[in-house]
Amino acid sequence: MDHDLDQVLEAVGPRLRALRKQREITLTDLSAATGISVSTLSRLESGDRRPNLELLLPLAKAHGVTLDELVDAPPTGDPRIHLRPVTAHGMTMLPLTRRAGGIQAYKLIIPADGTRREPTPQTHEGYEWLYVLNGRLRLVLGEHDLVLAPGEAAEFDTRVPHWFGAADAEPVEFLSLFGKQGERAHLRARPKPKESAERAG
């Protein structure tokens, strides 16, 4: 059993490096996000430092993955997905995808406490698609200041300065699809040909 544990821990270093490369962030960026020194992060990735829970918890949070994913824990036979919410930047994010690469899906909840009411637009690489579930979402995108109601969606290049928050005194819930390499979310709706077929008949 000790041998199995050693194998799992030895695989953590390469997995940490792969996650960081996929997210296209530097050791310095990761250090700022986790509070772990650059030298410790480097030793973890190279396998010179044995990972422990104190180090793995902030790394899992920073990478948006579970501890099970981080250490590639063996399956337990339980088919349920245990995704834990992360609270950051005045909102709660619940990851809905379990892989590090490709399009990431999140459910986001912004409380109506006013902490994000003052827009602070930011830019980064990628493409984002938003769909409002409940409440009203204020989206500041470049020169536009929009309010999205439930059932409305928006998609945009995240290199354009953007910010979102609750539009009023009510919390807002929305879904977000985000691709770091600029993947676009395409939705196509076509009317059923039933009506025209009935007329032809």
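This is a predicted model: local features need pLDDT of at least 70, side-chain atom pairs count only at pLDDT 80 or more; totals for chains, interfaces and linings use all residues.

Q: OK, so is W129 buried or exposed?

A: W129 has 13% relative accessibility, so W129 counts as buried.

Q: And Y131, what does that count as?

A: Y131 counts as partly exposed, because its relative accessibility is 29%.

Q: How many aromatic pairs does a search of the whole structure find?

A: The search turns up two aromatic pairs. One of them is W129 with Y131, a stacked pair with 6.1 Å centre to centre and 10° between the planes.

Q: What about F164 and F174, what kind of pair do they form?

A: F164 and F174 pair edge-to-face, at 5.3 Å centre to centre with 80° between the planes. That pair links distant parts of the chain: F164 sits in strand 8 (residues 162-166) and F174 in strand 9, 10 residues apart.

Q: Staying with strand 9, where is S176 found?

A: S176 is in strand 9, which covers residues 172-179. S176 counts as buried because its relative accessibility is 3%.

Q: Which side chain has a polar contact with S176?

A: That would be E128: a polar contact of 2.7 Å joins the side chains of E128 and S176.

Q: And what else does S176 touch, not counting residues up to four places away in sequence?

A: Besides E128, S176 touches Q104, A105, Y106, L108, W129 and L130. W129 is the residue from the stacked pair with Y131.

Q: Switching topic: how many residues are in helix 2?

A: Helix 2 (residues 12-23) has 12 residues. From its first C-alpha to its last, helix 2 reaches 16 Å, close to the 16 Å expected at 1.5 Å a residue.

Q: Which residues in helix 2 are buried?

A: V12, G13, L16, L19 and R20 are buried in helix 2. They cover an arc of only 130° around the axis, so they lie on the same side of helix 2.

Q: Why would residues three or four places apart point the same way?

A: An α-helix has 3.6 residues a turn, so residues with that spacing point the same way.

Technical notes
Residues are numbered from 1 along each chain as its sequence is written. Side-chain values use heavy atoms; hydrogens and water are left out. Helices (H or I, at least four residues) and strands (E, at least two) are DSSP runs, numbered from the N terminus. Buried means under 20% relative accessible area, exposed over 50%, partly exposed in between (1.4 Å probe, protein chains only). A polar contact is a pair of N or O atoms within 3.5 Å; within protein, one must be able to donate a hydrogen and the other to accept it, and residues adjacent in sequence count only if both atoms are side-chain atoms. Contact means heavy atoms within 4.5 Å. The expected span of a helix is 1.5 Å times one less than its number of residues. The arc is that of the directions from the helix axis to the C-beta atoms. Rings of Phe, Tyr and Trp (its six-membered ring) pair if their centres lie within 6.5 Å; planes under 30 degrees apart count as stacked, over 60 as edge-to-face and the rest as tilted.
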